[in-house]
Amino acid sequence: MVADNIAALPPLRDVIKAWQLDADKRLGQHFLLDLNLTAKIARAAGDLSGVNVIEIGPGPGGLTRALLESAASSVIAVERDPRCIAALQSLAEASEGRLTVIHGDALEIDPVGLAPEPRAIVANLPYNVATPLLIGWLKQASAFTGMTLMFQREVALRLVAEPRSKEYGRLSVMTQWLTEATLVFDLPAAAFTPPPKVVSSIVRLTPRLMGLGEPSFATMERVVAAAFGQRRKMLRAGLRAFTPEPIALLEAAGIDPTARAEELDIDAFRRLAVLWERMSH
C-alpha cells in the first residue's frame with residue numbers, strides 16, 4: 001500500500017537535514033512541514049478520485065505525500081531545485097509509480113502537456129512567481145477540473161475581491177471571469193520553515209463553463225488593463241488608451257462614462273470586451 005510506504009518514510013525535517021535543503025530565498029522557498037496542514041490542503045482540492053494532479057514546487061515533498069495519500073490517479077511534481085529532485089526520489093519509489101518528478105521551471109512548462117484529463121493543479125506556490133503562473137494557467141482554465149493554490153494573503157484577497165473594494169483590480173476581474181474563486185483558509189507564517197514575513201492563504205479556483213459569445217482572453221485583458229491603468233480616473237478617460245471612442249463604447253455597453261473601473265462588476269467588463277470585438281471587425 002502506498003500509504004504504508006509513505007508512513008515508513010523519514011520525517012520531513014530529517015529529509016531536509018539529510019539533503020541539506022536550506023531554503024533558497026532566490027527560489028522563494030518556504031517549506032510546509034506540518035502533515036496535518038498539507039493533508040488539509042489536499043482535502044481542500046475536493047474529490048481527486050481518478051484525477052491527475054500537477055504540483056508546482058514540491059520542495060521536500062510534504063504536500064506531495066498528502067496528494068499521494070488521496071485518491072488521485074497520479075501526481076506530477078515540477079521542481080526547479082535539483083537538491084529537491086534528489087530528495088524526492090525515495091517518495092517516488094514509495095508511490096509505486098504514481099509520482100513523476102520533473103526537473104524544470106514551471107514558468108516555462110505547459111501543465112496541460114504533463115498529464116491527460118481529468119487534471120488539476122494543487123500547489124504551495126513560491127511567492128515570487130505565483131501571479132505570473134496563475135495568469136498563464138487562467139488562459140487555459142477549462143483544461144483543469146480545479147486549481148487549489150497557496151498565495152500570500154495580499155494576493156489571495158485580490159483574487160476574491162468584490163467591486164468597490166480596495167483589493168479589486170485586474171487580477172480580480174480576470175480570475176473571477178474564468179473561475180469561481182474561494183478563499184478556503186489561512187496558514188500562519190509560523191507553519192513554514194523558514195517563516196515568511198506574510199500570512200499565506202489557500203484559494204480554490206473552479207473553472208466556469210464558458211458559453212458562446214465570450215470575448216478572447218487577449219481582448220478582455222486589454223480592456224481590464226486599460227480600465228485599471230488609471231484607476232482614479234473616470235472610464236471615459238481611462239479607456240482612451242484602449243479605444244479612440246471610449247464614450248460610445250461605454251454607452252453601448254450600458255455603462256456610465258463617469259464610472260470608475262473599481263465600480264464595474266465582471267459582466268460589465270465582459271460586455272465592454274464583447275462590444276469592442278464586434279465594433280472593431
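## A buried aspartate

The side chains of Asp 81 and Gln 29 are joined by a polar contact of 3.0 Å. (A polar contact is a pair of N or O atoms within 3.5 Å; within protein, one must be able to donate a hydrogen and the other to accept it, and residues adjacent in sequence count only if both atoms are side-chain atoms.) Another polar contact, of 2.7 Å, joins the side chains of Asp 81 and Arg 83. Asp 81 is found in the loop between E3 and helix H5 (82-87), and with a relative accessible area of 4% Asp 81 is buried. Buried means under 20% relative accessible area, exposed over 50% and partly exposed in between (1.4 Å probe, protein chains only). Helices (H or I, at least four residues) and strands (E, at least two) are DSSP runs, numbered from the N terminus.

## Basis of the report

This is a predicted model, in which local features need pLDDT of at least 70 and side-chain atom pairs count only at pLDDT 80 or more, while totals for chains, interfaces and linings use all residues. Residues are numbered from 1 along each chain as its sequence is written, and side-chain values use heavy atoms, with hydrogens and water left out.

The largest pocket holds about 460 Å³ of space. Of the 33 residues that line the largest pocket, Leu 27, Ile 56, Gly 57, Asn 124 and Pro 126 are the closest to its centre. (On a 1 Å grid over the protein atoms alone, a cavity is a set of points where a 1.4 Å probe fits but cannot get out, and a pocket is an open set with protein on both sides within 12 Å along at least five of seven lines; lining residues have an atom within 4 Å of a point. Grid points are joined across faces, edges and corners, and a volume is the space filled by probe spheres set on the points.) At least two lining residues of the largest pocket come from each of strand E1 (31-32), strand E2 (52-56), helix H4 (62-68) and strand E3 (74-79). By class, this lining has 17 nonpolar, 11 polar and five charged residues. Ala, Val, Leu, Ile, Met, Phe, Trp, Tyr, Cys and Pro count as nonpolar, Asp, Glu, Lys and Arg as charged, and the others, Gly among them, as polar.

The second largest pocket has a volume of about 210 Å³. Its lining has 14 residues, of which Ile 135, Arg 158, Arg 170, Leu 171 and Met 174 are the closest to its centre. Helix H7 (130-138), helix H9 (170-178) and helix H10 (217-229) each supply at least two residues of the lining of the second largest pocket.

## Cavity

The count comes to one cavity of 30 Å³ or more, and the largest cavity has a volume of about 50 Å³. Among the residues that line the largest cavity are Leu 9, Val 15, Pro 60 and Arg 65.

## Aromatic pairs

The structure holds four aromatic pairs. (Rings of Phe, Tyr and Trp, its six-membered ring, pair if their centres lie within 6.5 Å; planes under 30 degrees apart count as stacked, over 60 as edge-to-face and the rest as tilted.) The pair of Trp 177 and Phe 217 is tilted, because the ring centres are 6.5 Å apart and the planes are at 35°. Trp 177 lies in helix H9 and Phe 217 in helix H10, so this pair ties together parts that are 40 residues apart in sequence. Trp 177 counts as buried at 5% relative accessibility, and Phe 217 is buried at 16%.

The rings of Phe 242 and Trp 276, with centres 4.8 Å apart and planes at 45°, also form a tilted pair. Ring pairs link Tyr 168, Phe 228 and Phe 269 into a cluster.
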